[in-house]
Amino acid sequence: MTTNDETTIAPAATAFDVSEFARTAKGFHRDELDLEQFEQHGLEPDAARLLRVLRDLERSTMARMRNLLVTATHKDARVTAFLTTWAYEKFWLADALDAVLEASRAEEDLPADEGHHRLTVSERRDRRGTIRRAISANFAGPQIVAAHVTAGLADEWITHAAYRRLAGIAESLSSVVETVLEVKDRHIRFFQEEAERRLGESPKARRITRKELLGTAWPIGSVERPAEERSFFERIVFGGAEGREEARGIGALISALPGMTAVGSTIEARLVP
Amino acid sequence: MAFDIVKYTRASDAVGWSDLDFDEFERNPLPDHVLRSLRYMCDVEYHTVCYLRDMLTTPSHKEPEIAAFMTMWNREEFWHGEALSAVLERHGIHVDYSALKAKRLKLGFKDRLDPIKQSFGSNLIGIDFAAVHMAWGAANEWSANAAYHRLAALEGADHPVLAELLKRIAQQETKHVAFYATQARERLAKSKKARVIARFALRKFWGPVGSTIAEPDEVTHVMGHLFQGSEGRKLVRGIDAHIARLPGLEGLTIVENSLEARGITGEDREPTPEPEVAAA
Ligand SMILES: [Fe+2]
Ligand SMILES: [Fe+2]
């Protein structure tokens, strides 16, 4: 039952240099931000509300780390080295978004972001506890890493669309969004390379990954969010003709991954309000 | 004493060594018994991400301050591993992702606190189990801090470059101590039940940092190398004194006990390093 993921030799063909990524991690961004313009002009409510959602998603790395580390993913030292720096970079992205939100003082006027969760059967799996996750993921074995990196990739594609939308609603945010997307570019590259390689190598990885993608509420971390905020996210990012086009693009990208042909359209349909 | 999380996160950085002359290790290499200890410490640092997951199984990671600390702490420890592996590399010892992965596969890493959770079972419901994690983490960080200072003192005269690097690492360990101890103190003070469980957990299950991921011979080597003799014993008692000042942990001497159990004593021996100590 040896699989490619159980070998201990680093894949020779990987181009992403995790050590280089770790060495050149991007931290603290507040100094590069022009916070004064947000202090003076504030932010319109939709932009501020989307900004708040994105800040909270970027902030939720420790919850995501927990879900990954209770599985065999924690054994893959190259992946954990990546995640260590990834969590650090996302912490500072959240901090940058928080600085903008704070400067704009727009948060006070937003609807409360507490409320009931969505109660659908398909999401029960995603919301279940650490223990059950660990047990089922242990049956999945090392191939679960493929599911985690592919989910990470799909999540990046979805949040990318949200950031583009954010810059579209508020011109003043375009340089902030540019900074964020530049940092996230390396996250996408890592996840994409890992996903393509791992899915390409193993039918079991493809099977587990399909299940994972279909059982996830998007973007990752949404299950913990109130239903109202999620509906807002779907409406603002994937509503309208332009939004549907974005969703279609993401669905196509997912479908193009090895073994994910049937998955893309399902996720696309779930993104569109 | 409050812990300033904003200040900590903003100051958090990868430990640096580019200004240190590592060529010195080629001119004047470290002796084998020191390399053996460094290899152990390097493994411990790299495994922090595995310890992180134990911590994250408590709901405390939803507290922003804890999430922020864990993010920075995990990365700082990763870089301690990188720094030590750079030293080892200059001695022809290669620690890479494949080697670490092989080790983790072999280990079948378990939550260190699993046995405690099992022995208390449903009695843990409603308990702030993070209090136990924090006390445990504080004991580990005090130990790490003492270990780096001790190694720097032992090797400082012959290997000032190593001593400087170890001091930089120890400086970060001091901040880790401050966080864990502050958290442990507050959380233990709030709950009698948490104090009882933390005391039981540390007394029954605590072992030197790394003892769950290394062979017993390696643990004995490192502990003997660093803490055998009167100087070492003084340091170890210092760690125990810190732990014993946490609420509910009065009178514990877990570090000293763990050394005694491995035959490491306060007796000063002739400075004959290596196998002699390990065989004790
Ligand atoms: Fe460390
Ligand atoms: Fe530490």
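How many residues of chain A are in contact with chain B, and how many of chain B with chain A?

1. The model is a predicted one. In it, 33 residues of chain A are in contact with 29 residues of chain B. About 2800 Å² is buried between the two chains, and carbon and sulfur atoms give 68% of that area. On the chain A side, A:Met62, A:Lys75 and A:Tyr88 lose the most area to chain B, together 22% of what that side buries.

2. Polar pairing across this interface comes to five residue pairs in polar contact. The elements of chain A that give two or more residues to the side touching chain B are α1 (18-23), α4 (61-69) and α5 (77-104). Of these, α5(A) gives the most, with nine residues. The residues on that side of chain A divide into 17 nonpolar, seven polar and nine charged.

3. One salt bridge is found across the interface of chain A and chain B. The side chains of B:Lys101 and A:Asp76 form a salt bridge, at 3.6 Å from N to O. A:Asp76 also meets A:Arg198 in a salt bridge, at 3.0 Å from N to O. This second pair links distant parts of chain A: A:Arg198 is in helix α9 (residues 174-201) and A:Asp76 in the loop between α4 and α5, 122 residues apart. A:Arg198 counts as buried because its relative accessibility is 4%; A:Asp76, at 8%, counts as buried too.

4. A:Asp76 and A:Arg198 belong to a network of salt bridges that also links A:Arg78, A:Glu194, A:Arg197, A:Glu201 and B:Lys101. Within it, the side chains of A:Arg197 and A:Glu201 meet at 4.0 Å, N to O. These two residues are four apart in helix α9 of chain A, so about one helical turn separates them. A:Glu201 is partly exposed, at 33% relative accessibility. Over all chains the count of salt bridges comes to 38.

5. Chain B has 14 helices and zero strands. Buried residues make up 58% of its 280 residues. Of the contacts in chain B with a separation of 6 or more, 84% are between residues 24 or more positions apart.

6. B:Glu45 lies in helix α3 (residues 32-46) and B:Glu173 in helix α9 (residues 160-190) of chain B, so the pair ties together parts 128 residues apart in sequence. Both B:Glu45 and B:Glu173 are buried.

7. B:Glu141 is buried, as is B:Glu173.

8. Elsewhere in chain B, the side chains of B:Arg233 and B:Glu260 meet in a salt bridge at 2.8 Å, N to O. B:Arg233 lies in helix α12 (residues 230-244) and B:Glu260 in helix α13 (residues 254-260), so the pair ties together parts 27 residues apart in sequence. B:Arg233 is buried, with a relative accessible area of 5%, whereas B:Glu260 is partly exposed, with 43%.

Key. Residues numbered from 1 in each chain as written. Chains lettered and ligands numbered in written order. Predicted model: local features only at pLDDT ≥ 70, side-chain atom pairs only at ≥ 80, totals over all residues. Heavy atoms only, no water. Contact = heavy atoms within 4.5 Å. Buried area = accessible area lost by both parts, 1.4 Å probe. Polar contact = N/O pair within 3.5 Å; in protein donor to acceptor, adjacent residues only side chain to side chain. Nonpolar A, V, L, I, M, F, W, Y, C, P; charged D, E, K, R; others polar. Buried < 20%, exposed > 50% of the residue type's maximum accessible area, 1.4 Å probe, protein only.
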